[in-house]
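Dear colleague,

I am passing a structure on to you with this email, and my notes on what was found in it come after it. Please read them with the model open beside you.

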Amino acid sequence: MRQNESPEPDATPGPEARLSRLEVQVATLAEAVRALVNGLENIPSEDVPPEDAARGARLAHELLLSQGL
């Protein structure tokens with residue numbers, strides 16, 4: 001066996017594994033969008049600090065990074 005060869009003849013993921021991975025990615029994207037929406041829900045004013053939008057954006061970014069997106 002060559003050094004770079006996989007021990008398994010077919011190392012590519014099957015349709016079920018790819019679908020499962022896509023489902024996780026879509027769920028993560030939905031969470032990120034929810035975090036952005038929550039941060040941007042209120043227009044910044046004296047009562048609503050602009051930090052809310054920044055917090056939502058930061059959370060969305062962290063969610064995406066945590067899943068490698």
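**How the two helices pack**

Helices H1 and H2 run roughly antiparallel to each other, a word used here for angles over 145 degrees, while angles under 35 degrees count as roughly parallel, 65 to 115 as roughly perpendicular and the rest as oblique. H1 covers residues 15-40 and H2 covers residues 51-66, and the two pack at an angle of about 170 degrees with their axes 7 Å apart. Axes here are lines fitted to C-alpha atoms, for helices over the stretch in contact, and angles run from 0 to 180 degrees between N-to-C directions. Helices (H or I, at least four residues) and strands (E, at least two) are DSSP runs, numbered from the N terminus.

Please keep in mind that this is a predicted model, in which local features need pLDDT of at least 70 and side-chain atom pairs count only at pLDDT 80 or more, whereas totals for chains, interfaces and linings use all residues. Residues are numbered from 1 along each chain as its sequence is written, and side-chain values use heavy atoms, with hydrogens and water left out.

**The chain as a whole**

The secondary structure of the protein chain comes to two helices and zero strands. Of its 69 residues, 13% are buried, where buried means under 20% relative accessible area, exposed over 50%, and partly exposed in between (1.4 Å probe, protein chains only). The chain has an accessible surface of about 5900 Å², and 56% of that surface belongs to carbon and sulfur atoms; the areas come from the Shrake-Rupley method with a 1.4 Å probe, and for residues only the protein chains shown count as cover.

The 26 residues of H1 should span 38 Å at 1.5 Å a residue, and the end C-alpha atoms of H1 are 37 Å apart, which agrees. The expected span is 1.5 Å times one less than the number of residues in the helix.

**The contact between H1 and H2**

On the H1 side, Thr28, Leu29, Glu31, Ala32, Ala35, Leu36, Gly39 and Leu40 meet a set of H2 residues that includes Asp52, Ala53, Gly56 and Leu64, contact meaning heavy atoms within 4.5 Å. By class, this contact of H1 with H2 has 11 nonpolar, three polar and two charged residues; Ala, Val, Leu, Ile, Met, Phe, Trp, Tyr, Cys and Pro count as nonpolar, Asp, Glu, Lys and Arg as charged, and the others, Gly among them, as polar.

Within H1, the residues Gln25, Thr28, Ala32, Ala35 and Gly39 are buried, and the buried residues of H1 pack against H2.

Thr28, in helix H1, counts as buried because its relative accessibility is 6%. Not counting residues up to four places away in sequence, Thr28 touches Leu63, Leu64, Gln67 and Leu69.

Leu64, found in helix H2, is partly exposed at a relative accessible area of 23%. The C-alpha atoms of Leu64 and Thr28 are separated by 6.7 Å, although the two are 36 residues apart along the chain.

Gly39, also in helix H1, counts as buried at 7% relative accessibility. Leaving aside neighbours within four places in sequence, Gly39 is in contact with Asp52, Ala53 and Gly56.

Arg58 lies in helix H2 and counts as partly exposed at 46% relative accessibility.
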